[in-house]
Amino acid sequence: MLKKGDSREMVQQVPVVDEADVLVAGGGTAGIVAALAAARNGADVLLVERGGCLGGMLTTGNVGITMYTKFSAQPEEAKRDQRTLKEKPEQLQIVGGIAKEIGDRLLQTGIGIGNEQACGRYVFTSPEDFKNLLFQMCAESGVRLKLHCLIVDVVRDGDRIEGVVIESKSGRQIIAARQFVDATGDGDVAALAGAPYTIGITDDDLCASPDNLGEMQVAGVMFRVAQVDLEKTLAACRENPERFGRHRVGGLDLEDVIERFHRNEMAIFSIGTKDLGRLQIYNLPNPGMVTVLGPQLPKVNGLDADDLTKAEATMAAMLADWMQKLRQVPGFGEAYLVNVPEMGVRETRHILGDYLLKFMDVYERREFPDCIGFGAHPIDTVPRPKWLQDPVAGLPPGWFYQIPFSILLVKDLGNLLTAGRCVSATHEACGCIRTTAQEAAGTAAAMAVQRSLTPRQLPIEDLRQKLKEQNVLC
Ligand SMILES: Cc1cc2nc3c(=O)[nH]c(=O)nc-3n(C[C@H](O)[C@H](O)[C@H](O)COP(=O)(O)OP(=O)(O)OC[C@H]3O[C@@H](n4cnc5c(N)ncnc54)[C@H](O)[C@@H]3O)c2cc1C
């Protein structure tokens, strides 16, 4: 009889059911952008996703898209940026290519709200409509999809991955490909292939101390609430100005928020409550519905099913309690929960690449000859290095940083690139880069197929030139 602690070797013949030029693992922000880029460059692309839809945290996690623009922390500068965004958005934009195209399409279709003239600092969406838009975009570009399939293993030969093993209701199957992009957030494909990785804080982080090594960013959820009268909430802020708080990244003052709310633009703010402290409120394209940043749970290991199970139950109970208290906030008297997504995980594995992006690279805006894109989401990890109490306030106006291609190239593997949250970055650098999607991953994978090279062997100027032709800012 089997008992806890036993193990069994399971041997089975697994059929190869499909093949592609480029296999993209994971259909979140990073995977979608990589898959579209590879397909538009002529590759036969198969995107494998464990869930039943596309978008990852952007659709199943209710998360908004930050940041299409340079970042200014001080209120006066943020205000000036708002004017520039209206008149000359191109002066502030740091994100182009497919990521911007998605933002533009969200605004044009009314599925998302951002700035009047441009995507701006935030775009928040109606997630169900967004899922449909992503299906459409994949169909338009010829990306083939395989949903409801979890990647559970890889077939590796030397420094090459030959195929991934998927598990689904159809059983265990193999899909072969020439190039692979790991956009699973957790770096599952790279880890299964034996690539080196770190988890959480390491000695390469400025905040490292003997008692916090391995610690990961807090987990949490953005939950959606319906039947909210935001007009009333904002009026309460006007009556009691001390209740109103600027969102540290949105940076708008109360009158700006009200004006933008009336124009049906993104108008993030926070409101002080007696029982729940400060609550971040994000308006949505759906009238009467808002997203709220929920409780944050420390010490949740996103790679441990038992930990995640416990966290889901804890969160459900906490949100039931929060809803009682939330109804005391003006405008929320009749509010009810419409969606609590599955636990949002901000950090797990960092797959080690040819270069490891660190805090000072980002903070001091280091220039890289292999730059393939920009980001401007401020470093939001805690704890912080001792000399830097507030990394947002310390940033110069118009701050943004460069993303080097070498952080997508996985050590010891020739035909695997990472994209999204699992790229080669320290805990602190991941605190901002996790919000970026690197179009270079899919573009390089397709170019490598065409030239029968590995992505590492591609001349970097050829890749950068191709990205510029695709309107990527780099
Ligand atoms: C509470 C919270 C709030 C946040 N707020 C913001 C915000 O306001 N703005 C912002 O820009 N970012 C925000 N983020 C961060 C942002 O959500 C992520 O950094 C971003 O989604 C990372 O994109 P990704 O494509 O790398 O990963 P994900 O969006 O997580 O996508 C990974 C995809 O891979 C799939 N997958 C995973 N493993 C496998 C496997 N083995 N086989 C097949 N498929 C697999 C998953 O199902 C998923 O669809 C927030 C995150 C959290 C948790």
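Is Asn264 buried, exposed or partly exposed, and how many other C-beta atoms lie within 10 Å? Asn264 is partly exposed, because 13 other C-beta atoms lie within that distance; a residue is termed buried if 20 or more other C-beta atoms lie within 10 Å of its own, exposed if 12 or fewer, and partly exposed in between, with C-beta atoms placed from the backbone. The model is predicted: local features require pLDDT of at least 70, side-chain atom pairs count only at pLDDT 80 or more, and totals for chains, interfaces and linings use all residues. Residues are numbered from 1 along each chain as its sequence is written.

The chain is divided into domain 1 (14-209 + 346-474) and domain 2 (219-339), with bounds that come from an automatic or database domain assignment. The C-alpha centres of domain 1 and domain 2 lie 27 Å apart. Contact joins 28 residues of domain 1 to 25 residues of domain 2, where two residues are in contact if their C-beta atoms, placed from the backbone, lie within 7 Å. On the side of domain 1 that touches domain 2, helix H3 (75-87), strand E3 (112-113) and strand E4 (124-125) give two or more residues. Helices (H or I, at least four residues) and strands (E, at least two) are DSSP runs, numbered from the N terminus.

The largest nonpolar core has 140 residues, of which Val22, Leu23, Ala34, Ala35, Val45, Val181 and Ala445 touch the most other members. Such a core is a set of buried Ala, Val, Leu, Ile, Met, Phe, Trp, Tyr and Cys residues joined through C-beta atoms within 7 Å. Helix H1 (residues 29-40) gives the most to this core, with nine residues. Both domain 1 and domain 2 give residues to the core, so it lies between them. Beyond its neighbours within four places in sequence, Val45 is in contact with residues including Ala20, Val22, Ala35 and Val143.

The shell around the ligand likewise receives residues from both domain 1 and domain 2, so it lies between them. Of its 35 residues, Gly26, Gly28, Gly56, Gly344 and Gly420 come nearest; a residue is near a molecule or strand if its C-beta atom, placed from the backbone, lies within 6 Å of it. H1, strand E6 (150-157) and strand E10 (219-226) each supply at least two residues of this shell.

In helix H7 (residues 230-239), Leu230, Thr233, Leu234 and Cys237 are buried. Seen down the axis of H7, these residues fall within an arc of 90 degrees, so they line one face of the helix; the arc is that of the directions from the helix axis to the C-beta atoms. The face of H7 turned away from the buried side carries the exposed residues Arg238 and Glu239.

Glu439 lies in helix H12 (residues 439-451) and counts as buried, with 30 C-beta neighbours inside 10 Å. The C-alpha atoms of Glu439 and Ile98 are separated by 7.2 Å, although the two residues are 341 residues apart along the chain.

Several backbone features complete the description. Asn264, in the loop between helix H8 (254-262) and strand E12 (269-273), has a positive phi of about 60 degrees although it is not a glycine. Ser452 has phi near 50 degrees and is exposed, with 8 other C-beta atoms within 10 Å. The peptide bond from Thr66 to Met67 is cis, with omega near -25 degrees, and a cis peptide bond joins Val382 and Pro383, with omega about 0 degrees.
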